[in-house]
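Good morning, everyone, and thank you for making time for this.

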Amino acid sequence: MSNETNETLNEELENSQEVTNDEAQADAEAVENEFDLLQNELTTLKDKYARVHADFENIKKRLEREKYTAVEYANEKFAKDMIPVIDSLEGALKSVATEGDKAELFDKLKEGIELTYKQFLTSLEKHGVTMVSHEEPFDPNIHNAIQSVDSEDVESGQIVQTFQTGYKYKERPLREAMVVVAN
């Protein structure tokens, strides 16, 4: 081969290497730019994650405090409803200290106790506490049969007499009623 051909080939090779170097440099710059963009996006996402995680932890702590407070003061309404009952009982005790006719005083005291009893039951019912019914048939879930008797007046399985009143909170028994059941 001739020198001219070699020189031409060398020039072409150098030109193609320059083009390849330029392309490689452009590709490297593009990759570096994309890397920088991705690095910035990663930093932004890490920051967002940290903020969301901190918000979540704060909400979790706040809800825990609110739950504790709710449990701590759950009986506040019930206690407020019992205060008038206490006031009525205090009034009854004060009325005993007054002078006067004993029969009249006894009648007023009896009336006051009956009103206080009704007020007490009303307050309990307001909060879901009810008396166990004595008119319904015997139910071992809410009645405790302490005796069974033969009775011509009442059908078998019915309650004849109640010794102690039972109470339920909503549908759950607080105390079973102590009853006598007919055979």
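This is a predicted model: local features need pLDDT of at least 70, side-chain atom pairs count only at pLDDT 80 or more; totals for chains, interfaces and linings use all residues.

Let us begin with helix α2, which runs over residues 76-96. At 1.5 Å a residue, its 21 residues should span 30 Å, and the end C-alpha atoms are 31 Å apart, which agrees with that expectation. The buried residues of α2 are Asp81, Met82, Val85 and Ala92, and these buried residues pack against α3, residues 102-126.

Now to the charged side chains: how many salt bridges does the structure hold? There are 6 salt bridges, and I will go through some of them.

In the pair formed by aspartate 81 and lysine 126, the closest N and O atoms are 3.4 Å apart. Aspartate 81 lies in helix α2 and lysine 126 in helix α3, so this pair ties together parts that are 45 residues apart in sequence. Aspartate 81 counts as buried because its relative accessibility is 17%, which is under 20%, whereas lysine 126, at 60%, counts as exposed.

Within α2 itself, glutamate 76 forms a salt bridge with lysine 80, at 3.9 Å between the closest N and O atoms, and the two residues are 4 apart, about one turn of the helix. Here glutamate 76 is partly exposed at 41%, while lysine 80 is exposed at 52%.

Finally, in helix α1, arginine 62 and glutamate 66 are separated by about one helical turn, being 4 residues apart, and their side chains meet in a salt bridge of 3.4 Å, N to O.

Technical notes: Residues are numbered from 1 along each chain as its sequence is written. Side-chain values use heavy atoms; hydrogens and water are left out. The expected span of a helix is 1.5 Å times one less than its number of residues. Buried means under 20% relative accessible area, exposed over 50%, partly exposed in between (1.4 Å probe, protein chains only). Contact means heavy atoms within 4.5 Å. A salt bridge is a side-chain nitrogen of Lys or Arg within 4 Å of a carboxyl oxygen of Asp or Glu.
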